[in-house]
Amino acid sequence: MMASSTPSSIEHTMLAASEQLQVPSNITKFKIGLCQLSVTSEKNQNLACARNLIKAAVERGARLVVLPEMWTCPYSNDYFAKFAEDFENEDASPTFFMLSEAACSHGITIVAGSVPESCDGQLYNTSCVFGPDGKLKAKHRKIHLFDIEIPGDITFKESDFFAAGDKPTIVDTDVGRIGIGICHDIRFPELAALYRAKGARIICYPGAFNISTGELLWEVMQRASLVR
């Protein structure tokens with residue numbers, strides 16, 4: 001079962017939002033830092049690890065840093081609600097504070113993977129984008145939730161604990177226009193096609209694919225998104 005958003009509703013949203021977007025014309029070539037970390041059940045430890053990885057990426061010349069899906073907590077419904085943060089209350093969000101400070105102190109753009117977000121009694125799988133000034137530039141809630149049942153192997157339903165996002169996310173940054181998806185969003189090439197049509201130079205899909213299906217699908221899905 002997937003989220004109910006359709007390509008037509010996504011396109012309508014993008015058409016309404018994209019008219020005000022401006023693409024920087026002076027960016028040609030830059031380094032991207034892709035940070036991967038072993039997630040623990042200690043949020044502060046995960047935050048510290050991510051902060052160190054961001055610093056290391058910047059020291060190697062990265063201007064854009066991307067974190068993985070669900071990097072603040074183990075990918076389990078035992079942790080999502082406990083680790084969720086309300087990004088509207090910035091003072092009570094240690095994740096928001098760390099990312100904002102890191103982006104500002106290093107003067108970089110951060111696509112902050114995804115973390116569990118709590119908002120109006122719902123949980124979302126959410127990716128935040130921070131600019132070099134430390135301000136939140138965009139927030140993407142995972143549209144296509146991943147529900148899978150393979151008898152004798154894996155059963156997992158994101159829709160049991162997350163609400164689906166209903167809007168695409170395209171954001172102008174200092175390194176160009178970026179379209180954001182999260183993991184299973186890559187399964188639907190219409191989203192990538194819409195981002196490309198609206199001038200996205202980069203499409204980021206932070207992901208935490210399981211080993212049962214990820215190895216078979218991940219690279220194929222990337223190619224499908226590129227050729228649309």
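Me: Which cysteine sulfur is closest to the one in Cys 35, and how far off is it?
Reply: The closest is the sulfur of Cys 49, at 8.9 Å. That's too far for a bond, since a disulfide needs the two sulfurs within 2.5 Å. Bear in mind this is a predicted model.

Me: How many disulfides does the structure hold, then?
Reply: It holds 0.

Me: Is Cys 35 buried or exposed?
Reply: Cys 35 counts as buried, because its relative accessibility is 7%. Cys 104 is partly exposed, with a relative accessible area of 43%.

Me: OK, confidence next. What's the average pLDDT of the protein chain?
Reply: The average is 82, and 74% of the residues score at least 70.

Me: Which elements have the lowest and highest mean pLDDT?
Reply: Helix α1, residues 7–18, has the lowest at 37, while β3 has the highest at 98. Over residues 1–20, pLDDT stays under 50. For that stretch the model has 29 contacts beyond four places in sequence.

Me: Which strands does it pair with?
Reply: One is β1, residues 31–34, in the parallel sense over 4 bridges. In that pairing, Val 65 of β2 is the bridge partner of Gly 33. Another is β3, residues 109–111, also in the parallel sense, over 3 bridges. There, Val 66 stands opposite Val 111.

Me: And what do β1, α2 and β2 make together?
Reply: They make a right-handed β-α-β unit, with helix α2 spanning residues 43–59.

Me: Back to Val 65. What is it in contact with, leaving aside neighbours within four places in sequence?
Reply: Val 65 is in contact with Gly 33, Cys 35, Ile 54, Ala 57, Ile 108, Thr 109, Ile 110 and Val 111.

Me: How many residues are in the largest nonpolar core?
Reply: There are 22 in it. Val 65 is one of those with the most contacts inside this core, a group including Ile 54, Trp 71, Met 98 and Ile 110. At least two residues come from each of α2, β2, α4 (94–106) and β5 (122–130). Helix α4 gives the most to this core, with 5 residues. Apart from this core lies another, of 12 residues, among them Phe 30, Leu 64, Val 111 and Cys 204.

Me: New topic: where does Lys 137 lie?
Reply: Lys 137 lies in strand β6, residues 136–141. It counts as partly exposed because its relative accessibility is 40%.

Me: Which residues is Lys 137 in contact with, again leaving aside neighbours within four places in sequence?
Reply: The contacts of Lys 137 are Val 129, Phe 130, Gly 131, Val 171, Asp 172 and Thr 173. As for Val 111, it sits 26 residues from Lys 137 along the chain, and their C-alpha atoms are separated by 9.9 Å.

Me: Last one. Which residues of α5 are buried?
Reply: In helix α5, residues 189–197, the buried ones are Pro 189, Leu 191, Ala 192, Leu 194 and Tyr 195. Just after α5, Gly 199 takes a positive phi of about 90°.

Technical notes. Residues are numbered from 1 along each chain as its sequence is written. This is a predicted model: local features need pLDDT of at least 70, side-chain atom pairs count only at pLDDT 80 or more; totals for chains, interfaces and linings use all residues. Side-chain values use heavy atoms; hydrogens and water are left out. Two strands pair if DSSP finds at least two bridges between them. A crossover is right-handed if, with the strands pointing away from the viewer, the path from the first strand over the helix to the second runs clockwise. Buried means under 20% relative accessible area, exposed over 50%, partly exposed in between (1.4 Å probe, protein chains only). pLDDT is the predictor's confidence in each residue, from 0 to 100. Contact means heavy atoms within 4.5 Å. A nonpolar core is a set of buried Ala, Val, Leu, Ile, Met, Phe, Trp, Tyr and Cys residues joined through side-chain atoms within 4.5 Å.
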